[in-house]
Amino acid sequence: MPRSAKSKVCGGDKCPQAQGETQSCGGAQAIAPAEEESTTSSLQCEGVTQSLPGAKSCSTSQAPERRLTFPTSAIFSCTRSSEAFNGLYEHRVFAYEVPPFTETPETDCLTRKASLLEQYLLYRYKMKQLIMKEDMLKIIHQSHHDQFAEILKRASERIELIFAVDLKEVDSDVPCYNLVSKLKLPNNGRVRGGRGLPKTGLLMNLLGMIFMKGNCAAEEDIWKSLGTMRVYAGRKHFIFGEPRKLITKDLVRLKYLEYRQVANSDPPRYEFLWGPKAHLETSKMKVLEFLAKVNNAVPSDFPTYYEEALGDEEKAQGMDAAKPDTTIKVNFIPPRDMLNIVFPPIVKHVKFFPPNKKI
């Protein structure tokens with residue numbers, strides 16, 4: 001990178017504190033912080049405190065049970081930056097609004113660095129390219145290299161909460177990483193061929209909605225919840241494409257969702273359930289852990305769902321323990337020549353017996 005460009009990076013100066021203020025960071029335009037309203041709490045899922053099979057009613061508790069919420073439109077909204085990262089990249093980069101931190105001035109500065117890094121991570125994912133540590137260090141500037149681990153942690157955690165992908169180090173001669181989908185969706189979470197952003201986050205939220213609705217969710221409830229994310233049937237979304245096709249066709253064809261008509265419904269109504277691949281690749285506990293992270297909580301903060309998920313985990317462990325031992329036992333007598341190579345000093349003291357002969 002040219003020396004003149006480096007001198008303009010904001011990392012060497014004090015980062016501005018005012019929200020909404022735009023700063024130039026190595027030639028990249030910083031993302032404007034999200035609005036004051038919470039980005040993860042507009043949807044209070046209906047029926048959260050409803051009785052589930054085997055679960056106690058929340059009305060019997062002294063304190064009301066905390067409610068799970070889903071990401072809102074602020075998280076799934078999109079801004080596009082035409083600025084290049086330190087002059088290295090000419091392509092447009094997708095970004096998204098995330099909940100801003102409101103801590104110390106130094107923390108706010110690190111948050112802005114993490115936001116820039118988020119754009120870079122998603123850009124590399126979208127282009128199907130590995131994420132190079134050397135390039136990330138150029139983005140955050142030399143003055144913050146000693147805080148690289150913390151900045152990368154923040155960026156990867158917030159991407160995980162939105163897209164349900166994990167940042168994993170790649171075994172390579174040079175330090176590099178890749179974003180990997182939590183579920184084995186085709187094309188590393190993209191579902192369809194080509195480039196694009198992951199659909200895994202949407203699927204994890206759908207599985208959570210179904211779980212919270214008693215393991216079977218009416219289609220109208222699903223679309224109502226998705227509407228808070230500005231995801232509408234028949235309206236193309238910048239990440240998900242045409243949502244109705246993705247949800248009722250693609251994810252059903254891949255067996256992550258089951259989409260069926262409600263019995264005896266006239267006019268016909270439809271409902272969603274978990275598909276067999278969802279049961280195979282994840283669990284209620286993993287989905288609850290994901291949603292708890294979105295809510296800055298832990299699974300046990302939601303006793304109704306935690307008890308049901310824990311019951312399923314124990315049931316699955318019991319089924320595994322009850323499986324018969326299918327190990328195939330084979331009597332094998334190694335050739336004497338092999339023993340001469342492996343145990344030459346003791347081979348002359350070894351006697352061989354046929355497999356069924358008593359000693």
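Here is a short chat about the core, a helix pair and one glycine in a predicted model.

Biologist: How many residues are in the largest nonpolar core?
Modeller: There are 65, and the ones with the most contacts inside that core are Leu121, Met136, Leu206, Leu226 and Leu257.

Biologist: Which helix gives the largest share of this core?
Modeller: That's H6, residues 200-212, with nine residues. The core also draws at least three residues from each of domain 1 (105-181) and domain 2 (199-320 + 327-342).

Biologist: And what does Leu226 touch?
Modeller: Skipping residues up to four places away in sequence, Leu226 touches Leu202, Leu206, Met209, Val231 and Ile247.

Biologist: OK, switching to helices. At what angle do H4 and H5 pack?
Modeller: About 100°, with the axes 11 Å apart; H4 covers residues 133-140 and H5 covers 148-163. Angles from 65 to 115 degrees count as roughly perpendicular, so H4 is roughly perpendicular to H5.

Biologist: Which residues make the contact?
Modeller: From H4 you get Lys133, Met136, Leu137 and Ile140, and from H5 there are Phe148, Ile151 and Leu152. By class, six are nonpolar, one is charged and none are polar.

Biologist: New topic: where is Gly189?
Modeller: Gly189 sits in the loop between strand S9 (176-181) and H6.

Biologist: Is Gly189 buried or exposed?
Modeller: Buried, because its relative accessible area is 0% and the cut-off for buried is under 20%.

Biologist: What is Gly189 in contact with?
Modeller: Leaving out neighbours within four places in sequence, Gly189 contacts Tyr125, Ser181, Pro198, Lys199 and Thr200.

Note on methods:
Residues are numbered from 1 along each chain as its sequence is written. This is a predicted model: local features need pLDDT of at least 70, side-chain atom pairs count only at pLDDT 80 or more; totals for chains, interfaces and linings use all residues. Side-chain values use heavy atoms; hydrogens and water are left out. A nonpolar core is a set of buried Ala, Val, Leu, Ile, Met, Phe, Trp, Tyr and Cys residues joined through side-chain atoms within 4.5 Å. Buried means under 20% relative accessible area, exposed over 50%, partly exposed in between (1.4 Å probe, protein chains only). Helices (H or I, at least four residues) and strands (E, at least two) are DSSP runs, numbered from the N terminus. Domain bounds come from an automatic or database domain assignment. Contact means heavy atoms within 4.5 Å. Axes are lines fitted to C-alpha atoms, for helices over the stretch in contact, and angles run from 0 to 180 degrees between N-to-C directions. Angles under 35 degrees count as roughly parallel, over 145 as roughly antiparallel, 65 to 115 as roughly perpendicular and the rest as oblique. Ala, Val, Leu, Ile, Met, Phe, Trp, Tyr, Cys and Pro count as nonpolar, Asp, Glu, Lys and Arg as charged, and the others, Gly among them, as polar.
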